[in-house]
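Dear colleague,

Please find below the structure that I am handing over to you. A summary of the findings follows it.

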Amino acid sequence: MLSKSLTLTEQVARRIAGDIAEGAHPVGAKLPPGRVLAQQYGVSAAVIREATERLRAQGLIQSRQGSGSVVVSRTGAQGFQVSAGIADREQLASVYELRMELEGGAAALAALRRNAADLAAMGQALAALQQHLDDPEQGVEHDIAFHVAIAAATHNRYYQDLLQYLNLQLRLAVSTARSNSRRQAGLTAAVHQEHVAVFEAISAGDAERARLAATRHLQQAASRLNLELFFPAARQTS
């Protein structure tokens, strides 16, 4: 039996990974469509999307244009991983520090490489986010979608894969940060303006402004989670 401490997404990802290891989904074969997997495992399509993203990050499957998700390994790669339920605040601070550098760089590249479709995807996520600023579930979904759209606009698959993985794994942290924001009057709107600043810089093609806006947004997000005390610079000056 799986641990009750695991999220539903983690449980489903482990079950699918187990089925792959046992040969139920052979290497080279396509995974069934999301709706079929959702019925098979008794969960929503959203859970299946998150579970397959974890499997992709583990090297078990790959997404191929026009072919869906294809099984590429029975065991996966035991490389870089971040626990979805990361609870140690110092570790979480370290991951946010990593995100600042990665997402700042991604925003800068996106400003230089974005096309009309990229801007449309970012704009759509941003508009949906504005409509659900105080919605605890939809707000998180659209927040993550905005960050993922920026990564896609780099047109660098490794940025896309790593940042999508980090954003999905840190769903709990994003949810916590947004929950903290909702408890303070006007803060959700202020956070939204941080996203708008990133989008406007990318739209303008201003790489340095985009980098600074994205980094500042994540610095503020870390601050809202009271993580700044765990950054090395803070420890050195204490």
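The term pLDDT denotes the predictor's confidence in each residue, from 0 to 100. The mean pLDDT of the chain is 83, and 80% of its residues reach 70 or more. The model is a predicted one, in which local features need pLDDT of at least 70 and side-chain atom pairs count only at pLDDT 80 or more, while totals for chains, interfaces and linings use all residues. Residues are numbered from 1 along each chain as its sequence is written, and side-chain values use heavy atoms, with hydrogens and water left out.

Helices are DSSP runs (H or I, at least four residues), numbered from the N terminus. Confidence is highest in helix α5 (residues 116–131), at a mean of 95, and lowest in helix α11 (residues 232–237), at 52. The pLDDT is below 50 over residues 234–238, a stretch that has 5 contacts in the model beyond near neighbours in sequence (contact means heavy atoms within 4.5 Å).

Cavities

A cavity is a set of points, on a 1 Å grid over the protein atoms alone, where a 1.4 Å probe fits but cannot get out; its lining residues have an atom within 4 Å of a point. Helices α4 (89–113), α6 (138–152) and α10 (207–224) each supply at least two residues of its lining, and α6 gives the largest share, 4 residues. The lining of this second largest cavity includes Glu-103, Phe-146, His-147 and His-217. Its residues divide into 9 nonpolar, 2 polar and 1 charged (Ala, Val, Leu, Ile, Met, Phe, Trp, Tyr, Cys and Pro count as nonpolar, Asp, Glu, Lys and Arg as charged, and the others, Gly among them, as polar).

Salt bridges

A salt bridge is a side-chain nitrogen of Lys or Arg within 4 Å of a carboxyl oxygen of Asp or Glu; the count comes to 5. Glu-103, from the cavity lining, forms one with Arg-99 (2.8 Å, N to O). Both lie in helix α4, 4 residues apart, about one turn of the helix. Buried means under 20% relative accessible area, exposed over 50%, and partly exposed in between (1.4 Å probe, protein chains only). Glu-103 is buried at 6%, and Arg-99 is buried at 2%.

Yours sincerely

Notes:
1 Å grid on protein atoms, 1.4 Å probe; cavity = no way out; pocket = protein on both sides within 12 Å on 5 of 7 lines; lining within 4 Å.
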